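The sequence and structure are shown first, and the description follows.

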Amino acid sequence: IFSAALVSRRMSAAAAQTKDGIALLFADHQRFRNLFKEYESTTEPAAKRAIVESLIREIVPHASAEERHVYPLLKALPQGHAVTDRHYLDDTLNLELMEFLEKMDPMADWGLYDRTVRKFFMVEGEHIEEEEKWFKLVNSKLSVEERAHLEEKITSAKANAPVRRHSRARGRTSFRTVFDDAGRFFSDCKVKELLVFAGVAVPDSPWLLLRNVIWGVYYLFWSSKVHLFFSGLLFIYHHRYFISTAKSVVRWAFLQ
């Protein structure tokens, strides 16, 4: 029994050592570069459009995970606030370009579409080069356990990120912006942490339920009509514990 437990602990420790959140992001970056090259080597317009759509589907959750879990770590570095602001600026510009590409009809003006794609590649390529330089510094300050935990958080954030994000019009606040911000806020459980710090006993279930409802409203109102059905299925799949959570909330309420 002792030997089996020892082997199990060693296997767990070895698994933790192989996990690395920054390495996971770097692997994404390399996949983006490969797609850039694939676009350049492809001559068929339909195939080129498919590559761009694939890039957008991958970059959106990737950028969301970085903003939530890596950019805050950058701020602890020298010049970290300025660097983080620059990364946010790059993300905003890239989102604008991706929205523009999604709305365009490539066949209406292929030359304009192709030039926009190449501009997007240039901005995104420079952005990930800059990120990797700073992310390496972040990683050098993390322990093995922290790197493994970061990978888990990034994997979860990518899985639960919206399928597409929309850039924010300057000087305008919309319900979409409110729910998007609220979803990130409660997903990170900042309010819960504050209450716990203040000595208030807060059960997990109500906050989990609230987060699920917020993301459900997001999917319902801001997914395209074509994607709405699949978004609903995705929401049900990821939050199939919704009913059990609701029951927990009811039990918790009656026990108060």
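Helices (H or I, at least four residues) and strands (E, at least two) are taken as DSSP runs and numbered from the N terminus. On that basis, the chain has 12 helices and zero strands, and its elements run α-α-α-α-α-α-α-α-α-α-α-α from the N terminus on. The model is predicted: local features need pLDDT of at least 70, side-chain atom pairs count only at pLDDT 80 or more, and totals for chains, interfaces and linings use all residues. Residues are numbered from 1 along each chain as its sequence is written, and side-chain values use heavy atoms, with hydrogens and water left out.

**The chain as a whole**

Residues are classed as buried under 20% relative accessible area, exposed over 50%, and partly exposed in between (1.4 Å probe, protein chains only). Of the 256 residues in the chain, 39% count as buried. The chain exposes about 15,200 Å², of which carbon and sulfur atoms supply 63%; these areas come from the Shrake-Rupley method with a 1.4 Å probe. Contact means heavy atoms within 4.5 Å. Among contacts in the chain with a separation of 6 or more, 74% are between residues 24 or more positions apart.

Axes are lines fitted to C-alpha atoms, for helices over the stretch in contact, and angles run from 0 to 180 degrees between N-to-C directions. The table gives the two pairs.

| Pair | Axes | Angle |
|---|---|---|
| Helix 3 (residues 45-69) and helix 5 (residues 80-103) | within 11 Å | roughly 150 degrees |
| Helix 5 and helix 6 (residues 110-140) | 10 Å apart | about 155 degrees |

Angles over 145 degrees count as roughly antiparallel. Helix 5 is therefore roughly antiparallel to helix 6, and helix 3 and helix 5 are likewise roughly antiparallel to each other. A crossing is left-handed if the near helix is turned anticlockwise from the far one by less than a right angle. Helix 3 passes helix 5 in such a left-handed crossing, and helix 5 passes helix 6 in a left-handed crossing.

In the classes used here, Ala, Val, Leu, Ile, Met, Phe, Trp, Tyr, Cys and Pro are nonpolar, Asp, Glu, Lys and Arg are charged, and the others, Gly among them, are polar. Helix 3 meets helix 5 through Arg 49, Val 52, Ile 56, Ile 59, Val 60, Ala 63 and Glu 67, with Tyr 88, Asp 91, Met 98, Leu 101 and Glu 102 on the helix 5 side. This contact of helix 3 with helix 5 has eight nonpolar, no polar and four charged residues.

In the contact between helix 5 and helix 6, helix 5 contributes residues including Val 83, His 87, Leu 97 and Phe 100, while those of helix 6 include Tyr 113, Thr 116, Glu 130 and Trp 134. The residues of the contact of helix 5 with helix 6 comprise 11 nonpolar, four polar and seven charged.

**Individual residues**

Asn 94 is in helix 5 and counts as buried because its relative accessibility is 2%. Leaving aside residues up to four places away in sequence, Asn 94 touches Phe 120, Val 123, Glu 124 and His 127.

Glu 53 lies in helix 3 and, at 36% relative accessibility, counts as partly exposed. The C-alpha atoms of Glu 53 and Glu 102 are separated by 7.8 Å, although these residues are 49 residues apart along the chain.

Gln 79 is found in the loop between helix 4 (71-74) and helix 5. With 61% relative accessibility, Gln 79 counts as exposed. Most residues other than glycine have a negative phi. Phi of Gln 79, however, is near 60 degrees, a positive value.

Technical notes:
Parallel < 35°, antiparallel > 145°, perpendicular 65-115°, else oblique.
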